[in-house]
Number of protein chains: 2
Amino acid sequence: MTDIMRMSELYVPTLKEDPADAEIASHRLLVRAGMIRKAASGVYTFLPLGKKVLAKVESIVRSEMDGIGAQEIMMPVLQPAELWHESGRWDDYGPELMRLVDRHDRPFCLGPTHEEIITALVRNELRSYKQLPLSLYQIQVKFRDEIRPRFGLLRGREFIMKDAYSFHDSQESLQQTYDDMSAAYGRICERMDLDYRPVEADSGQIGGSVTCEFMALADAGEAELVHCSCGYAANTEAGEGLARPTEYTAADALTKIATPDVHTIAELAAFLDIPESSTVKALSGKGKDGVITVFFVPGDHDLNELKAARVVEGFELLTDEEMEAAGLHKGSMGPVGLPEGVRIVAASSLQAIPRWVVGANEDGYHYVGAKQGEDFEVDVWADLVVVKPGDCCPKCGLPLEGARGIEVSQVFQLGDKYSKSMGATFSAEDGSEQNFLMGCYGVGISRSMAAIVEQHNDENGIFWPVSVAPAHVCVIPLNVGDEEVQPAAERLAADIARAGFEVVIDDRDERAGVKFADADLIGWPLQIVVGKRGLKEGKVEIKLRRTGEKRDISIAAVAEALAFTKRNIKGSGIGAFGSLFSE
Amino acid sequence: MTDIMRMSELYVPTLKEDPADAEIASHRLLVRAGMIRKAASGVYTFLPLGKKVLAKVESIVRSEMDGIGAQEIMMPVLQPAELWHESGRWDDYGPELMRLVDRHDRPFCLGPTHEEIITALVRNELRSYKQLPLSLYQIQVKFRDEIRPRFGLLRGREFIMKDAYSFHDSQESLQQTYDDMSAAYGRICERMDLDYRPVEADSGQIGGSVTCEFMALADAGEAELVHCSCGYAANTEAGEGLARPTEYTAADALTKIATPDVHTIAELAAFLDIPESSTVKALSGKGKDGVITVFFVPGDHDLNELKAARVVEGFELLTDEEMEAAGLHKGSMGPVGLPEGVRIVAASSLQAIPRWVVGANEDGYHYVGAKQGEDFEVDVWADLVVVKPGDCCPKCGLPLEGARGIEVSQVFQLGDKYSKSMGATFSAEDGSEQNFLMGCYGVGISRSMAAIVEQHNDENGIFWPVSVAPAHVCVIPLNVGDEEVQPAAERLAADIARAGFEVVIDDRDERAGVKFADADLIGWPLQIVVGKRGLKEGKVEIKLRRTGEKRDISIAAVAEALAFTKRNIKGSGIGAFGSLFSE
């Protein structure tokens, strides 16, 4: 076994050109640095250096899971359809679920998540409250047939996840594990040196109510966030930020005005020469009960359909035909003069605006000065808007900032959703049979790797945090054939390896420029250049990849100086090796 | 993080009863010991202790692969059909290949093996002979839709494998890596404490010519082997052992005899009161060329259809209808008086038998004394039989012994089968473009786990080799509530953990009998019983699970005595801890 990796032997096919299909830095750089290759759309192979990074991310996640007493298991990829019929998700899940039949025509899916499998695993075997709480986790390949796979590892169809599931006899116990997991997830982000925010989120297809996403802030992220200096952060899909509508005060009575060719809020605001926030936007929908409902939100905000569905169960927007059939006027709906029986639901923030600028339920006309309580009555006030930067923080009232994020992990309280539908019970202390309360907790392993690159790159390539770097130090002999340089570099690499670091030596017979470019692209945290000139004075050049700082240092002192920094490396890697440059 | 595992917290659902579908020891015991659970036919979940064993097997395999310079990668499960069309295996592979289409109706398969993916991975990127040889490996989940999944982890539909692939510019280089891999596979078996034989085998669907299987000897194995004290061993499907037909000397001329109601070799031998080895068995087939061929083998042997196909390309047995159309008489075929144009192929070992007892090509009649060269001529002599115990060793001539084996690993020389069909070339030293020579090398990870149990079990359960045990030592306090016993056991467990061992403490409030039974079933290599009576004298009882030997030992000396054995544990685990009992 060799302790020192050699670039002459490692399979690291670096590329000078960006791959044509790569839109974001992590995709571009992981391919160029010879770490991943596409096998099919949204399906990747991890090459040796990529696999090393992946293994380090896994190892961080594993140690944090073990640290809170979760036990590692390994569930199968193939999941029988019967279990998904029991939970009801076979029909609910949609085309993202990859399905197949075996040779006997029995249907299976490729696991995108394992609630069904684990619930079936413990039912009938996890019998007593004395065995609770129990947390089980696995690190495994998962599948989701994205309609448009893209962004490399960020949105693939086959990807690596850590998923954990917990079982409880009380809400307090579930909350405790949920808190432990959340804390562990925070530590995982920190150890990977990710700038992240835990944000309020929607629970989507997994189900359950309480949930939090851990978002790595990055412009390449697909999630839109709002966050506040007070610590509050939310996915705009789920956030509760308060809109700040402004009142149009020029009208003190209900006044109908002709608004020819005005069909949108932007056109209305321009026509009246007022801000969009002074107008009121209307959208129509209906729920399971069939009652036609018109939703009103401040003109500068969008209706959040998930929130609409919380007010009106089974909410769906009306089609143009349905609107016409219901007597509604697309482009000029308003609360005054709606057809009989139409329900009015309005955003809470509009309560502060007595008189509205809003449609007149007549093509080509709007009202200004429509007054709440006089000209119309609102049936239900609710949080309805898609929160956006500039809205008031619901915790402290300051304006929210906007950001984009990559969801690297998420924690859920599932409650009894799966244990009830699948009949998984235990004997409680009082002797009764009860359904487990469950939690589930996921970390995107391959996605975290991409998120790290999104936050750790510059024009020359990647700079890995020490904690997940494919190796800590790269020793670069400038003249491989030289009878002094090459042996000195080999001895130095061996010394550094003995000091407990992972070392790679670039022993290829290549030009210095090629080696420097590859070292920067691949992103070894520390580079040590061994050259003829320096050696005459017994010196080598060390370079911190992250900042580009360089320094000459006595070759005899390198290993010892590195050993001095070793304590830092056990942490997240922030600043590790930095102390070498701080004198 | 706790260094000591606790039975009170571990999820280990042991069972008193054998599972109904378990036919063999490893299936039965891995389920009963709470290590695996079936999720679907041939599809298993690994519970915490099973996952620990799996991880140790993986770690042994990984260290041996790294040790010979192979580099770990991770290829995808989803493989696009295009690549399998290129290699020609999409049509060849049959129903064992699990296939599916994605949401855009593009066909994929779930990888049973990764020759196509890896060949596509390196073509166009591994360009120069200077980069060769190169060995890449992965440890990953694989899929094969067995028609009858059974025997637990031995023949599953979803299973864990290590597969490696090597690339070469010469046969010498391929042979070198093939030898390195074979040696590593031997060490892997030894480290897992497996009694194994490297055997000649058939290369099956993978292709290529040179191949060797590593067989763990076990009655539960599906492979039939022959082996010899000289070291020769072979799968009966591929072995070259020589049959030993015996001559029927009573007839010295071609004599037709009536054999009413004789349709099989057994009936013929009984009718004539001679051993089956004195008769000659005939089977009819045809090849791609359409020529009807009759194969003759000694009556006590079966025709090996793989060997038949080496003589007659595209060999298939004739159906009853085809035999009738060709004028052949099922149940009484012989070389004398066959229809015009029928080819005669006979087993080499029959060359030593001048006169044959064989069918007369006439229903109800056989010949005795049919003489080679006079009454008939053989067109081709060839190795045709399925070798069996008692045949002569092809290396030394001694009689072969029979055994059953579990194929835990296999090495192949693929040659240019894939590089040629898929167009994977490199620039050779002389500047020419050449196809890679390739090797491929697989280890069944989950199957090895089952093979270990097949060789390491008794009526009470499993006894794991130390190298793969879920923990090394189990400390069993007999009285959990006792104010002396419990703290003493806890201190002892902590001491042993500090000495570098993995320790589990059975701190459950259960009867001693339950704890002993579980410890034997699960198979911790060493048990240490802490009881009230022994403690009075400062003693505990240690028990070697493998042999059942017990000994009282001073509680103060345990950790030190264990530390003394630690060197042994680094090996295969054979005899580790045994020295504690050898004084």
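Arg157(A) forms a salt bridge with Asp102(B), and their closest N and O atoms lie 2.9 Å apart. A salt bridge here is a side-chain nitrogen of Lys or Arg within 4 Å of a carboxyl oxygen of Asp or Glu. In total, eight salt bridges are counted between chain A and chain B.

The model is predicted, with local features needing pLDDT of at least 70 and side-chain atom pairs counting only at pLDDT 80 or more, while totals for chains, interfaces and linings use all residues. Residues are numbered from 1 along each chain as its sequence is written, chains are lettered from A and ligands numbered from 1 in the order in which they are written, and side-chain values use heavy atoms, with hydrogens and water left out.

The interface between the chains can now be described further. 52 residues of chain A are in contact (heavy atoms within 4.5 Å) with 52 residues of chain B. The area buried between chain A and chain B is about 4700 Å², and carbon and sulfur atoms give 63% of that area. Buried area is the accessible area (1.4 Å probe) that two parts lose on being put together, summed over both. Of the area that chain A buries against chain B, Tyr11(A), Met74(A) and Arg103(A) supply 17%, more than any other three residues.

Helix packing within the chains comes next. Two packed helices are described by the angle between their axes and the distance between the axes. Helices (H or I, at least four residues) and strands (E, at least two) are DSSP runs, numbered from the N terminus. Axes are lines fitted to C-alpha atoms, for helices over the stretch in contact, and angles run from 0 to 180 degrees between N-to-C directions.

In chain B, the axes of helix α2 (residues 48-67) and helix α6 (residues 171-191) come within 10 Å and cross at roughly 150°. This angle makes α2(B) roughly antiparallel to α6(B), a label used for angles over 145 degrees. On the α2(B) side, the contact is made by Ile60(B), Val61(B), Ser63(B), Glu64(B) and Met65(B). Their partners on α6(B) are Met181(B), Ala184(B), Tyr185(B), Arg187(B), Ile188(B) and Arg191(B). By class, this contact has seven nonpolar, one polar and three charged residues. Ala, Val, Leu, Ile, Met, Phe, Trp, Tyr, Cys and Pro count as nonpolar, Asp, Glu, Lys and Arg as charged, and the others, Gly among them, as polar.

In chain A, the axes of helix α1 (residues 25-32) and helix α11 (residues 445-455) come within 8 Å and cross at roughly 100°. That angle makes α1(A) roughly perpendicular to α11(A), the term for 65 to 115 degrees. Ala25(A), Ser26(A), Leu29(A) and Leu30(A) of α1(A) meet Met449(A), Ala450(A), Val453(A) and Glu454(A) of α11(A). The contact of α1(A) with α11(A) has six nonpolar, one polar and one charged residues.

Some backbone details complete the picture. A cis peptide bond joins Leu132(A) and Pro133(A), with omega about -5°. Pro133(A) is found in the loop between α5 (115-122) and β8 (134-143) of chain A. In chain B, the peptide bond from Leu132(B) to Pro133(B) is cis, with omega near -5°. Asp193(A), although not a glycine, has a positive phi of about 60°. Asp193(A) is found in the loop between α6 (171-191) and β10 (196-200) of chain A.

Technical notes:
Parallel < 35°, antiparallel > 145°, perpendicular 65-115°, else oblique.
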